[in-house]
Amino acid sequence: MAAASSAVDELSRNFTYWALGAANGSLSGAWYRRNQTHLLGVLLAILGNLVMSISLNIQKYSHVQLAHQEHPRPYFKSTLWWAGAALMAVGEMGNFAAYGFAPITLIAPLGCMSVTGSAIISVMFLKENLRASDLLGMTLAFAGTYLLVNFAPDRNQSISARTVQYYFVGWQFLIYVILEILIFCTLLYFHKRKGMKHMVILLTLVALLASLTVISVKAVSGMITFSVTEKTQLTYPIFYIMFIIMIASCVFQVKFLSQATKLYNTTMVVPVNHLFFTTSAITAGIIFYQEFHGAAFLTVFIYFFGCFLSFLGVFLVTRNREKEHLPQSYIDFGNIPGKQMLDKIQPDSNGLSYGTLPDGSDSTKSQSGEKKEV
């Protein structure tokens, strides 16, 4: 009862401060109560995700430009594509730095900003259609982000080498790692030996690796931040152990994720991967860094409700997006009202016309009179 009462008090204070802040034309009042380092982490994560959105659209624009050239050249020879890749690196560095200033459970769900930001930028610069589901999805994602930022755990812990060592040998993390290894090896066996390439299997492998990635990223970023602000931590072996785990897990994540994008549509992979990655990252933050220790039940409930809203928003933004841009590879006479389907005219990629009907087809010979009419 005491925990629920404190959560209700916190909720009422948050909304009271928010109303006062909005009246003064300033940021949310609840943010003023946040530690400055947490605020810096949130800003770095949001800016990093927005920069990544811009980079993805620049790379997409470069691909479109190359596709319209008479003699297309490889994309890696395009200056515009490399500019997008450079911005992608800048965005990833922003995310990396954010983990050094704020909890995993606060930074990881903010990945939804990359998806929604990409949708907005593509409408503005690539002239893509803005659908009603996009507006609804963006609204839900922003609402979820607001709840996440205001009700994420407010633990302010400095990540030193000794802190990481303490958590690394804790029984909670050891049990978690053993379970992860068992699940990972089982899924890898079915993937490699049995040839099972289902999207859920591939993205679960990515999510299991992602949990180790976010743990190691926060450890490395936190120890670097601690070294800059207080005492150097780069002489401890745990720093280099976490650095190796970070690099190895990232490499294998990219491998399995690229397999999933090759086998399945991006509109299916993006929302499922966001759901799996965020869930895995939050779980890792709760177990390894104990970020929900002492949190009230209502606060945790509102936090996960914000996660649900962001998941739903990402799903609505990405749903059926690529289907609207599929190229029409042929002209089908069966789609002309009142006309019987004769055959399909294949476009001639080397000429200016749409090509001719295939020679020798039965439909061409038997219905030559009707073809002339059409």
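The model is predicted: local features require a pLDDT of at least 70, side-chain atom pairs count only at pLDDT 80 or more, and totals for chains, interfaces and linings use all residues. Residues are numbered from 1 along each chain as its sequence is written, and side-chain values use heavy atoms, with hydrogens and water left out.

I begin with the annotation. The unreviewed UniProt entry places the feature "transmembrane region" at residues 38-58, 107-126, 135-153, 173-190, 202-226, 238-257, 269-289 and 295-317. Those positions follow the numbering used here, feature names are shortened, and annotations may be inferred rather than shown by experiment. Residues 38-58 are 100% helix and 0% strand, with end C-alpha atoms 30 Å apart. Residues 238-257 are likewise 100% helix and 0% strand, and there the end C-alpha atoms are 28 Å apart. Helices here are DSSP runs of H or I of at least four residues, strands are E runs of at least two, and both are numbered from the N terminus.

Next, Ser-211, which lies in helix H10, residues 199-229. Is Ser-211 buried or exposed? Ser-211 counts as buried because its relative accessible area is 0%; buried means under 20%, exposed over 50%, and partly exposed in between, with a 1.4 Å probe and protein chains only. Beyond its neighbours within four places in sequence, Ser-211 is in contact (heavy atoms within 4.5 Å) with Tyr-176, Glu-180, Ser-280 and Ala-284.

Turning to the charged residues, how many salt bridges does a search of the whole structure find? The search finds one, where a salt bridge is a side-chain nitrogen of Lys or Arg within 4 Å of a carboxyl oxygen of Asp or Glu. The side chains of Asp-134 and Arg-131 form a salt bridge, at 2.8 Å from N to O. Asp-134 is buried, at 0% relative accessible area, and Arg-131 is buried too, at 13%.

Helix H9, residues 171-192, contains Ile-178. Since its relative accessibility is 52%, Ile-178 counts as exposed.

Finally, I turn to a loop residue. Where is Gln-290 found? Gln-290 sits in the loop between helix H12 (266-288) and helix H13 (297-318). Its phi is near 50 degrees, a positive value in a residue other than glycine. With 24% relative accessibility, Gln-290 counts as partly exposed.
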